[in-house]
Amino acid sequence: MAASNSQGIQTLVEAEKEAAKIVQKARQYRIDRLKAARTEAAKEIEDLKAQKNEEFHQFETEHAGSSDQTFAKITTETEVKLQQIQEAFNKHKAVVIERLLSVVTTIEPKLHPNVKVGDQA
């Protein structure tokens, strides 16, 4: 009976060792799969970043020209407006100066409306 018990214990120890090997292999497989998944995810992220950067640069290139054109158009319009204002100033400058001098030098003495003349009590 002791030999039978010893043989049963030996079988259990061997089964435990085999189970430990299987568990270790499963753990290692899981670690390897996690590493592979992380690597794959990092690669996908880099690919997506590259794609989005390319799309952004393409968008920027397409719209940069219109921005430059708009700036040039606004600059031209501003120059035209400034020229028109300068011409109007030069055209009306003499008339405005004459009117200002006329108003300043022509004095018409009048009593203020709030001034009471004499005793009106």
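Me: What counts as a helix or a strand here?
Reply: Helices (H or I, at least four residues) and strands (E, at least two) are DSSP runs, numbered from the N terminus. This is a predicted model, where local features need pLDDT of at least 70, side-chain atom pairs count only at pLDDT 80 or more, and totals for chains, interfaces and linings use all residues. Residues are numbered from 1 along each chain as its sequence is written, and side-chain values use heavy atoms, leaving out hydrogens and water.

Me: OK, how much helix and strand over residues 12-62?
Reply: That stretch is 100% helix and 0% strand. Its end C-alpha atoms lie 74 Å apart.

Me: How many salt bridges are there?
Reply: The structure holds 2. A salt bridge puts a side-chain nitrogen of Lys or Arg within 4 Å of a carboxyl oxygen of Asp or Glu.

Me: Which side chain does aspartate 47 meet?
Reply: Lysine 43, at 3.3 Å, N to O.

Me: Is lysine 43 buried or exposed?
Reply: Exposed, because its relative accessible area is 54%. The cut-offs are under 20% for buried, over 50% for exposed, and partly exposed in between (1.4 Å probe, protein chains only). Aspartate 47 is partly exposed, at 42%.

Me: And what does glutamate 55 pair with?
Reply: Glutamate 55 forms a salt bridge with lysine 52, with the closest N and O atoms 3.6 Å apart. They sit 3 residues apart in helix 1, so about one helical turn lies between them.

Me: New topic: where is valine 117?
Reply: In the segment after helix 1 (2-105). Valine 117 is exposed, at 54% relative accessibility.
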